[in-house]
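Here are a few exercises to work through with the model open beside you.

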Amino acid sequence: MYTRAYKASVAIPPLLWVTVFLLVPYAILFCYSFWSVSAFQAIVHNWNLQNYLQLMRNPIYLSVLFRSMRIAGAVTVLALLLGYPLAYYVSFHAAKRKDLLYQLVIIPLWASYLVRGYAWKTILGSEGVLNGFLQYMHITHHPVEFFLYSPFAVVLTLTHIYTPFTFLPIFASLEHVPRNLIEASHDLGASPWATFRRIVLPLSLPGILAGATFAFVLTLGDFLAPLLVGGPSGIMISNIVVSLFGAAYNWPLGAAISLCMLLIVVGLLMVTERIERRLTLS
Amino acid sequence: MSSPVTQDARQSPPAPPDALLSIRNVVKQFGRRSVLRGISLDVAPGEFLTILGESGSGKTTLLRLIAGFEQLDRGEIWMAGERLDNVPHHRRPVNTVFQSYALFPHLSVFENVAYGLRAKRAPTGEIPERVMNALDMVKMREFAQSAPARLSGGQQQRVALARALVNRPRVLLLDEPHSALDANLRRQMQTELKSLQREVGITFIFVTHDQEEAMALSDRIALLRAGLLEQVAEPRQIYSRPSTDYVAQFIGQTNLLLAEVSDGIAHAGAIIWRSFAPSGKVTYSLRPECIRLASPGALAESPDVATARFRGRIRNQTFGGAMDLLEIDCGNSQILRARIPAPGLLSGEQAFEFSASDAIRVRPGNED
């Protein structure tokens, strides 16, 4: 049995961490979301629901929120479509190159997010690599402008950045599929495709769910990619929060939006956790 | 069959007409390592054949070649007159019970057993009945809706058997299915397995490293050693007439006597007995239970070469219930082990004897 002192010394650091860096900030944010800004740009502590009402009434906030969710959905689907086959290949068919390929997928994560964002700016810009190539090949005669500063550019950049985040949990779940289950499936007369559909795919669903959650949640809260490559039409909800806490100096409204996003994310996590629990229990 | 196949068939001797499965000159290498070095083996319909061998002898590889999980490098496998070795594994009329059972963890017991039927698109209407019949056969009907993870090792093995047998395979392959079970359960499952095999009449090929299990279950044992078949015979035959010293030592316990034969008499140290072997050095296997206590006066009588008599000092006596195990020092650093029923406590020098016919000539091992 563990002593009280041991239990306390193990439990207190994480509790402190969660309290100081999570609970207290959110409590402060929660309070702010019910305050308002005076005419003289001062935050006044009169409790009201104005910020939430404004959020519902002003179509800009909702439309940007929905756009962010659409972008997050698109990134999630694309990252899964890229990450799953990649993870499947590395786990089942890479043989001796497994470690090398795994490292190659991971290494981009070590490069700064900003560097990768700027790289896409360089590729997609009107003077960029892609336009240069297209003109050199005489496919286009003028720089194509819509590559950069569009939701498309945001989706492309974030898919590139978050595909490793879907790859990792899917790869881990595929690595945990016992190989003799696949042999057993073949032994019982199932074709390779049927084996994938009935054995490998269901057993890797927890990995898919975890990867999808990563991609969706991280994209939904992203503000750097839209800032770098999004342009006015690629603005996402976090950009609005940033500006409300910054130049616009409307912390109460920013806090209200932040809390709404938090609710969306927590709701999503609860749903995926329920699905996952049902999967692992059966 | 296409012409190259018939050509191959002419090169190797034809399979006996009554063989269901015929393995012909099979060679398998992993990189530079030869795992199987030319195996030929015929399995009769309805037979319970055990492939017995130490780890690394190639027994699991042979099973995996039959199942189609590995491709052979040379040789052929035939089933009922048709080439089997070029059929993709999911189309072979064989099923496997895996060492760790390999039950699908996300499917119920029912769905595990139904898996093969669904994969082969059996009529949907007959699936529930066939699955439940298979579960009845292994007494697992009431567990149909359970998850495999909630079953004990023995129950999991029963489900694995039902999952394989429901497909009515021509041959059932079993890869050390008892190795994960404790001794009592193992004995129980052996009995069940044997009666199940009699009931369904399907050919079983059973891989194990446990010689007792092999003797208890099999119609025939194929003893594999370093990629070659050492002996293929019925359990009683392989025990009482081992062909090599390796077989004699692997199956049960034995004493190996290195004897010099001249003029029909074998000499091993001070022990002499009648021999029909040609003169020269001969290795004999003598089972411990073939050695008896002799009456102290017997040695004084005129030597009767049909019975070998000798004196030896008791080095060690281990109580074993029905039989005691004795270590007998016969001098010249020759130690014999004997199993003698209820001899009481022995000490010092004793007289022993064995029948000359119990000393079995074996081929000495040719170490690689």
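This is a predicted model: local features need pLDDT of at least 70, side-chain atom pairs count only at pLDDT 80 or more; totals for chains, interfaces and linings use all residues.

**Exercise 1. Find how strand β3 (residues 48–53) of chain B and β9(B) pair, and over how many bridges.**

Step 1. β3(B) and β9(B) run in the parallel sense, with 5 bridges between them. Strands here are DSSP runs of E with at least two residues, helices are runs of H or I with at least four residues, and both are numbered from the N terminus. Two strands count as a pair if DSSP finds at least two bridges between them.

Step 2. Residues are numbered from 1 along each chain as its sequence is written, and chains are lettered from A and ligands numbered from 1 in the order in which they are written.

**Exercise 2. Follow β9(B) to strand β10 (residues 228–233) of chain B and describe the link.**

Step 1. β9(B) and β10(B) run antiparallel and are joined by 5 bridges.

Step 2. L224(B) turns up again here, opposite L229(B) in β10(B).

Step 3. The two strands make a hairpin with 2 residues between them, and A226(B) in the turn has a positive phi of about 45 degrees.

Step 4. Is β9 (residues 220–225) of chain B largely enclosed or left open? Of its 6 residues, 5 are buried, so the rest of the structure largely encloses this strand. "Buried" means that 20 or more other C-beta atoms lie within 10 Å of the residue's own, "exposed" means 12 or fewer, and "partly exposed" is in between, with C-beta atoms placed from the backbone.

**Exercise 3. Decide whether K28(B) is buried or exposed.**

Step 1. Locate K28(B) in strand β1 (residues 21–30) of chain B.

Step 2. K28(B) has 23 C-beta neighbours inside 10 Å, so it counts as buried.

Step 3. Leaving out residues up to four places away in sequence, K28(B) touches V35(B), L36(B), T61(B), L65(B), E70(B), L72(B) and D73(B). A contact here means that the C-beta atoms, placed from the backbone, lie within 7 Å.

**Exercise 4. Work out which residues touch the most other members of the largest nonpolar core.**

Step 1. This core has 99 residues, and the ones touching the most other members are I66(B), V113(B), A162(B), L172(B), L173(B), I205(B) and A222(B). A nonpolar core is a set of buried Ala, Val, Leu, Ile, Met, Phe, Trp, Tyr and Cys residues joined through C-beta atoms within 7 Å.

Step 2. Helix α3 (residues 109–119) of chain B gives the largest share of the core, 7 residues.

Step 3. At least three core residues come from each of domain 1 (3–245) and domain 2 (253–362) of chain B; the bounds come from an automatic or database domain assignment.

Step 4. Zoom in on L173(B): not counting residues up to four places away in sequence, it touches L63(B), I66(B), A67(B), V94(B), T96(B) and I205(B).

Step 5. Apart from this core lies another one, of 46 residues, including A72(A), F147(A), V155(A) and L174(A).

**Exercise 5. Describe how domain 1 and domain 2 of chain B sit relative to each other.**

Step 1. Their centres, taken over C-alpha atoms, are 41 Å apart.

Step 2. Each side of the contact is given by 5 residues from domain 1 of chain B and 5 residues from domain 2 of chain B.

Step 3. On the domain 1 side, the residues divide into 1 nonpolar, 2 polar and 2 charged. Ala, Val, Leu, Ile, Met, Phe, Trp, Tyr, Cys and Pro count as nonpolar, Asp, Glu, Lys and Arg as charged, and the others, Gly among them, as polar.

**Exercise 6. Give the strand order of the open sheet of 5 strands in chain B and say which strands stand at the edges.**

Step 1. The order is β13-β12-β11-β14-β20 (chain B), with antiparallel pairing.

Step 2. β13 (271–274) and β20 (360–362) of chain B are at the edges with a single partner strand each, so one side of each has no neighbour in the sheet.

Step 3. Inside the sheet, β11 (residues 255–262) and β14 (residues 280–286) of chain B are joined by 7 bridges, and N255(B) stands opposite L286(B) in β14(B).

**Exercise 7. Find what chain A brings to the contact with chain B.**

Step 1. Chain A has 12 helices and 2 strands.

Step 2. The contact takes 16 residues from chain A and 17 residues from chain B. On the chain A side, α8 (179–187) and α9 (192–220) are the elements that give two or more residues, and α8(A) has the largest share, 6 residues.

Step 3. By class, this side of chain A has 9 nonpolar, 5 polar and 2 charged residues.

Key:
Two residues are in contact if their C-beta atoms, placed from the backbone, lie within 7 Å.
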